[in-house]
Amino acid sequence: MTPHRGTLPPSRTYDSVAVGDVLPELPIPVTRTLIVATALASRDYQDVHHDPALARERGSEDIFMNILTSNGLVDRYITGWAGPASVVKAIRIRLGAPNHPGDTMVLTGTVTAKSDAGRRVDIAVKGTNGLGTHVLGTVSVQLPGEAR
């Protein structure tokens with residue numbers, strides 16, 4: 001049966017996930033619009049996120065993505081894989097190479113731990129672009145115990 005428009009996909013269950021499971025890659029085109037719009041949406045008005053000339057003046061090759069956007073994209077990656085009944089409990093990330101317009105960030109992840117207490121799953125997450133590793137960290141997510 002094909003779900004009809006607007007129907008949420010099923011969530012992964014705690015029992016359906018194993019340590020070592022690899023999440024599918026998620027490529028995200030890094031556009032100038034994405035960088036500027038998400039900086040503004042997160043109320044980050046730093047000029048390095050919207051003014052190319054000032055970003056270059058400060059030593060960058062162009063404007064670059066802010067950490068709030070990177071954090072949000074990591075959350076989107078995990079919840080897109082885990083499903084709507086999942087609950088992100090913690091995101092711990094570090095930034096590396098900047099995300100500049102015209103590049104693509106590819107998010108990858110691997111399940112690294114499970115805890116029966118609270119049905120928590122830890123996922124190592126990495127986002128890379130043409131310059132190297134943009135974001136690296138761990139996300140803890142709570143999964144439902146049975147199919148929803």
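Predicted model: local features only at pLDDT ≥ 70, side-chain atom pairs only at ≥ 80, totals over all residues.
**View 1. Five strands side by side in an open sheet.** Reading across the sheet, the order is β1-β3-β4-β5-β2, and the pairing is antiparallel. The edges belong to β1 (22-30) and β2 (87-95), each of which pairs on one side only. On average, neighbouring strands here are turned by 20 degrees against each other, direction ignored.

**View 2. Strands β4 and β5 as a pair.** Let's zoom in on two neighbours from the sheet. Residues 120-129 make up β4 and residues 132-142 make up β5; the two pair in the antiparallel sense over 10 bridges. To find your place, look for Arg-120, which stands opposite Gln-142 in β5.

**View 3. Helix α3 lying across the strands.** Helix α3 (residues 67-82) lies across β1, β2, β3 (103-115), β4 and β5, and runs at about 135 degrees to β2. Here is a quick check on its length: at 1.5 Å a residue, the 16 residues of α3 should span 22 Å, and because its end C-alpha atoms are 22 Å apart, the two values agree. Just after the helix comes Gly-83, with a positive phi of about 105 degrees.

**View 4. The buried residues of α3 and their cover.** Which residues of α3 are buried? They are Thr-69, Ser-70, Leu-73, Val-74, Tyr-77, Ile-78, Trp-81 and Ala-82. What covers these buried residues includes the strands β1, β2, β3, β4 and β5, and helix α1 (32-41) also belongs to the cover.

Key:
Residues numbered from 1 in each chain as written. Heavy atoms only, no water. Pairing = 2+ DSSP bridges. Helix = DSSP H or I, 4+ residues; strand = E, 2+ residues; numbered from the N terminus. Axes fitted to C-alpha atoms, helices over the stretch in contact; angles between N-to-C directions. Contact = heavy atoms within 4.5 Å. Expected span 1.5 Å × (residues − 1). Buried < 20%, exposed > 50% of the residue type's maximum accessible area, 1.4 Å probe, protein only.
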